[in-house]
Amino acid sequence: MPNTPVLYSLNSDGVATLTLNNPERRNALSSPTLEALERLLEQIAQDPEVRVVVLRSEGPVFSSGHDLNELVNGDEGGYTTVFEACTRVMEAIRLLPKPMIAQVQGLATAAGCQLVATCDIAVAADNAAFATPGVQIGLFCTTPGVAVARSVMPKKAMEMLLTGRPISAQEALEFGLISRIAPPDQLAEQVSELARQIASASSHTLALGKAAFYQQIEMDRPSAYQFASKVMVDNLLADDAKEGISAFLEKRQPVWTT
């Protein structure tokens, strides 16, 4: 029996964990893995018990990206199907009404690097590395570049894409690909603490804020301020904002409705 490509668990704090579970294949984003991720993300989006999602993987490699066995001796239709499936997963993460944290313990390359860049927050072990090495095998990492270029400054993104050279966790932190680094033996603990902190907030507020962030970042500044002001007004009219502000003024813990 083959391994389940993605494992799922949910703890009492409302933190769901998705685990890429094919270390023998360097946690490649094969079609079965992408299908499992898409199905689980759809389930999570509808589950009010889930407040935050952690994405991690088994083995020394976070993810090597697409399964190259699916990208050789195929045809246009087959290749299109693979990249459309990957795009659906990346967009499902961006549109997910729950924050998603990548817990990166090792190398993340190509679509694996894209996966890290797509998550809302990424915490990496200090010995992790990141690369978009497709150019070295004649296949430019164009789709990974969509997410990487929205996280990393353009010239650094182009250097990664044009050379395929891996960058260290420290470089990834400096250039905006990841949020923080941790010693390998503290990675899981730091991610867990971060997830618990986020999960303690109102899920309605988190969902509203995440969606608004990605919408406004694509706008020009005046339009973004106009849009963000309207979101804040809507936020203030929600029960959890009223409760949160009252609790702060009354010096007590809030009791969220969501």
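Which residues of H5 are exposed on the other side of the helix? The structure examined is a predicted model, in which local features need pLDDT of at least 70, side-chain atom pairs count only at pLDDT 80 or more, and totals for chains, interfaces and linings use all residues. Residues are numbered from 1 along each chain as its sequence is written, and side-chain values use heavy atoms, without hydrogens and water.

Helix H5 spans residues 154–163. Helices (H or I, at least four residues) and strands (E, at least two) are DSSP runs, numbered from the N terminus. Lys156, Ala157, Met160 and Leu161 are the buried residues of H5. Buried means under 20% relative accessible area, exposed over 50%, and partly exposed in between (1.4 Å probe, protein chains only). Viewed down the axis of H5, the buried residues fall within an arc of 135 degrees, so they line one face of the helix. That arc is taken from the directions from the helix axis to the C-beta atoms. Pro154, Lys155 and Leu162 are exposed on the other side. The buried residues of H5 pack (contact: heavy atoms within 4.5 Å) against several elements, including helix H4 (142–148) and helix H6 (169–174). Gly164 follows H5 and has a positive phi, near 75 degrees.

An open sheet of four strands has the order E4-E6-E8-E9, with mixed pairing. Strands E4 (61–63) and E9 stand at the edges with a single partner strand each, so one side of each lacks a neighbour in the sheet. Two strands pair if DSSP finds at least two bridges between them. E8 and E9 run antiparallel and are joined by two bridges. Ala129 has Ser168 of E9 as its bridge partner.
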